[in-house]
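Thanks for coming, everyone. Let's look at the packing inside this one. Here it is on the screen.

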Amino acid sequence: MLVVPVILSGGSGTRLWPVSRKLYPKQFLPLNSETSMFQEAIIRLREIKSADVTAPLIVCNQEHRFLVSEQMQEIGTENLGILLEPEGRNTAPSITLAAIHAKKILQENVALLVLPADQKVKDKQSLAKIIDLAVESIDSNILFT
């Protein structure tokens, strides 16, 4: 099964102000480690063993596109694409666009793994095991074809 991670990295930068701000929201800050929460979300994907995981699709605000590219380069990771939201108001349409984009690029059935970029996960191995179980038990009816 081909799994396409979709990293949701929107945010207005108001919750941790003044450290976090509009052009540099919390998900791009190294709060508890040397890497940002955005980078950690991508690094966690390396733990998934049960499926063929593609490079991630990133959903972000237009203002953060260069920051996304820079932070991905810092951890040596490519992306499948960056979907730009003109306004961070509703991620559901972005997920639908991610599915269409993934199908168009990869030309095969895919399952989306949607993850927020602003989570702190202490037990990365347990998360990977849960994702592995979900991928193994996925029903073909929910694949994007």
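**Inside the fold**

There is one aromatic pair in the structure. Phe28 and Phe38 form that pair, and the pair is tilted: 5.3 Å centre to centre, 50° between the planes. Rings of Phe, Tyr and Trp (its six-membered ring) pair if their centres lie within 6.5 Å; planes under 30 degrees apart are stacked, over 60 edge-to-face, the rest tilted. Phe28 sits in the loop between E1 and H1 and Phe38 in helix H1, so the pair ties together parts 10 residues apart in sequence. Helices (H or I, at least four residues) and strands (E, at least two) are DSSP runs, numbered from the N terminus.

A word on the source. This is a predicted model: local features need pLDDT of at least 70, side-chain atom pairs count only at pLDDT 80 or more, and totals for chains, interfaces and linings use all residues. Residues are numbered from 1 along each chain as its sequence is written, and side-chain values use heavy atoms, with hydrogens and water left out.

Buried or exposed? Phe28 and Phe38 are both buried (under 20% relative accessible area; exposed is over 50%, partly exposed in between; 1.4 Å probe, protein chains only).

Next, Leu113. Leu113 touches Val3, Val4, Pro5, Val6, Leu45, Ile48 and Ile131, leaving out residues up to four places away in sequence. Contact means heavy atoms within 4.5 Å.

Last, the lining of the largest cavity. H4 gives the most to this lining, with four residues. The lining includes Arg44, Leu45 and Leu115.

Conventions:
On a 1 Å grid over the protein atoms alone, a cavity is a set of points where a 1.4 Å probe fits but cannot get out, and a pocket is an open set with protein on both sides within 12 Å along at least five of seven lines; lining residues have an atom within 4 Å of a point.
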